[in-house]
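Subject: Handover of a structure

Dear colleague,

I am handing over the structure below for your reference. My notes on it come directly after.

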Amino acid sequence: MRESARLSETSRLGGDKTRLSDTARPRGTVRVRDLVRRIEAATPPGRDRAVDGLRAVAILGVVLGHWLVTALVADSGTLRAASPLLYQPGLTPVSWVFQTLAVFFLVGGQMGAKSHDSARARGITYRRWLRARLARLFRPVAAVLTVWVVAAGALLGAGVSLLTVYTLLKLALSPLWFLLVYAVLTAVTPLVARLHPLWPLAVVLHVDLIRFGFDGPAWLGWVNLAAGWLVPYCLGAAWGRGRLRGRTAGWVLLSGGAAVTAGLVLLGGYPAAMVGVPGAPVSNLNPPTLAAVTFGLAQCGAALLLRGPLRRVLTRPAAWAVVALVNLAAMTVFLWHQTAMMAVSVTTLRLAGPQPGLHTVPEGPGWVLARLCWLPVFAGALLICWAAFHAYEAGRPRKGGGGAVRGDGPGVGGGSRVVREGRPGKRAQQQAHQAQLAQQAGQARNGERRSV
């Protein structure tokens, strides 16, 4: 009995010390630590955190890539888009690092295949499954379109040139092409989930052969908009169905894709930049070329090889909390990051005039250094956009089966139920607390038996 009393007293004192240490810390630090604990408690034990980690990497890669290779040059009262890759070809490797769309489609195919199989096993119809997945994609789109229709009208009414308004609209709405392609591939997941990636790769090969080898029509290249991104999507579906488990597939994709891409650039005349460059005769991304697809295969191989290290890193609650929150805001970040950059550019131009790294021609290392200094300002503007519009992404949690479907997670921002329930995880936190109390009670009973 004395042993039991000592155990209970020690437990009480330990809890008191924890509460005292929490109150001794700044309130913001305590809130952050509490958020990290709640996210960790709400995460199912069997969740593959590497998938969420790869999706976060893809999101941040797209955002940083656009902020680094897109410039709005102030020229005679107008704003026009330019790229530092045109003026500084030595920056081309930047496009190799931050053009991460293939990883996006890889993860989307993995999640789509797993989600559809899970829905079928639970008796959920295809229509209901598809509606739940697409709703998360298109709710935030309506907000973006509404804001920019109003903004375009206001700019034109204020006397802003048509060229400037066209430039801003093109940059702001350009991410929507990705969503359209992704929505189509999501809709045909039951048909393409078992399709071998070599089939769409062969389509891309023949389209480029006709376009560039036999002077075929330029419009034919738009076939690759679906076929090109279907390649990593099919790879992801194979991953979701239990294939690609070993590291061999990752090394084959990485080495083979990199070798073929290098050959296409050095010998086949394809551009080295893996993003669109204004003024360049050929773009690897608009529409996708064979070089962009093989480069995407190399990225998919690297992503598969990173699964193990990512899983180990994301066992740390703080790292996992960051990844979970990025995934929760994935659609908002993706749709509004260009708007955030343009808002900073236009506002600064009106208040302070042209600024280096923001409105000047993107040539020379000085522009690069200045642009790096503007990145935190872009991030702050994006945070404001998130605060204003993230509710359109979260939506209202559904009751019953609908919520279960959404919990499987759409390809963009999927798995957000981990941090949404209880804002986040209050229920799971209460359950964890109850389990801890039960464990302490069990230890006390064991102590009583030993003392007897």
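The following paragraphs set out what was found, beginning with the basis of the values.

This is a predicted model, in which local features need pLDDT of at least 70 and side-chain atom pairs count only at pLDDT 80 or more, while totals for chains, interfaces and linings use all residues. Residues are numbered from 1 along each chain as its sequence is written, and side-chain values use heavy atoms, with hydrogens and water left out.

The largest pocket

The largest pocket holds about 1,100 Å³ of space. A pocket here is an open set of points on a 1 Å grid over the protein atoms alone, where a 1.4 Å probe fits, with protein on both sides within 12 Å along at least five of seven lines. Grid points are joined across faces, edges and corners, and the volume is the space filled by probe spheres set on the points. Its lining numbers 39 residues, and H66, K170, S174, G276 and N286 lie nearest the centre; lining residues have an atom within 4 Å of a point. Two or more lining residues are given by each of α3 (49-69), β2 (78-82), α5 (93-98), α8 (162-173), α9 (176-187) and α17 (330-352). Helices (H or I, at least four residues) and strands (E, at least two) are DSSP runs, numbered from the N terminus. The largest share, five residues, comes from α8. By class, the lining has 23 nonpolar, 13 polar and three charged residues, where Ala, Val, Leu, Ile, Met, Phe, Trp, Tyr, Cys and Pro count as nonpolar, Asp, Glu, Lys and Arg as charged, and the others, Gly among them, as polar.

Helix packing

α3 and α17 also pack against each other, at an angle of about 5° and with their axes 10 Å apart. Axes are lines fitted to C-alpha atoms, for helices over the stretch in contact, and angles run from 0 to 180 degrees between N-to-C directions. The two helices are therefore roughly parallel (angles under 35 degrees count as roughly parallel, over 145 as roughly antiparallel, 65 to 115 as roughly perpendicular and the rest as oblique). In this contact (heavy atoms within 4.5 Å), I59, V62, V63, H66 and W67 of α3 meet A330, V333, F334, H337, Q338 and M341 of α17. Eight of these residues are nonpolar, three are polar and none is charged.

The axes of α11 (residues 198-213) and α12 (residues 224-240) come within 8 Å and cross at roughly 140°, which means that α11 is oblique to α12. Their crossing is left-handed, that is, the near helix is turned anticlockwise from the far one by less than a right angle, whereas clockwise would be right-handed. The residues that meet include P200, L201 and V203 in α11 and N224, A227 and G228 in α12.

Backbone features

Most residues other than glycine have a negative phi, and most peptide bonds are trans. D215, in the loop between α11 and α12, has a positive phi of about 55° although it is not a glycine. The peptide bond from N286 to P287 is cis, with omega near 5°. P287 lies in the loop between α13 (248-266) and α14 (290-305).

Yours sincerely
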